[in-house]
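Hi everyone, thanks for making the time. Let me put the sequence and the structure up on the screen, and then we can walk through a few spots together.

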Amino acid sequence: MLDAVISLPLLATSFTTILVIQDPLGAVPIFLSLTGRQSARERARSAAQATFLSFSVILVFTFFGRYILKFLGISVPALQISGGLLLLLVALELLTDKADEGPDPNATANVALVPLGTPLLAGPGAIVASMVAVESASTATVGWVSVTVAIVLTHVVIWATLRASLTLHRESRILVLTRIFGLLLAAIAVQMIGDGITAYIQETF
């Protein structure tokens, strides 16, 4: 009965993939620099706002992304291949420590929304991963429920990480975890590219 509504393997895979892509630990230094002049209460509010915006953006694309693809005439295998290549680039940045630096912390814009909520957390990689995960499910209902639960759990972790950022901010620990996340993301990207190529060949021939 439960299998008709949710897929635990898809939930686990989606949760791991999206969490690795969003890399909340890697976002901690940027979060601290952007909110350095805020009080503890303001920083907590910024963490909540950034998490909510990221959740909203990814959820919208999870539900309506396939209709956007249909309108643009893009196939799911093509999305998988391009998404895999994008994730591979992100993984290489994590592994080589070439990720873009955060913007000027003196900017007047609400840093909880831009760039923390998007594109730092809700970037193209996470959006593509959630869309592809839904399409890979046996039915639309199973895909939506499983991926939605995974997105909720992912953002709970993100919110908790940002709230605890003062105790987590140890450069050496973040560096090690970022490298591990980068390796896992590279493997996920290669798998996604391989699956996309296989599906594209089967669909074409």
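**A pocket and a helix**

Let's start with who lines the second largest pocket: seven of the residues there are nonpolar, six are polar and one is charged. Please keep in mind that what you see is a predicted model.

How big is this second largest pocket? Its volume comes to about 280 Å³. The lining has 14 residues, and those closest to the centre of the pocket are T13, T17, V132, A133 and M192.

Which helix gives the most to this lining? That would be α1, with five residues.

Now let's move over to another helix, α7, which covers residues 140-163 and holds V157. Is V157 buried or exposed, or something in between? Its relative accessibility is 30%, so V157 counts as partly exposed. Leaving aside residues up to four places away in sequence, V157 touches F15 and L19. There is also T51 to find: T51 and V157 are 106 residues apart along the chain, yet their C-alpha atoms are separated by 9.6 Å.

Definitions and conventions:
Residues numbered from 1 in each chain as written. Predicted model: local features only at pLDDT ≥ 70, side-chain atom pairs only at ≥ 80, totals over all residues. Heavy atoms only, no water. 1 Å grid on protein atoms, 1.4 Å probe; cavity = no way out; pocket = protein on both sides within 12 Å on 5 of 7 lines; lining within 4 Å. Points joined across faces, edges and corners; volume = space filled by probe spheres on them. Helix = DSSP H or I, 4+ residues; strand = E, 2+ residues; numbered from the N terminus. Nonpolar A, V, L, I, M, F, W, Y, C, P; charged D, E, K, R; others polar. Buried < 20%, exposed > 50% of the residue type's maximum accessible area, 1.4 Å probe, protein only. Contact = heavy atoms within 4.5 Å.
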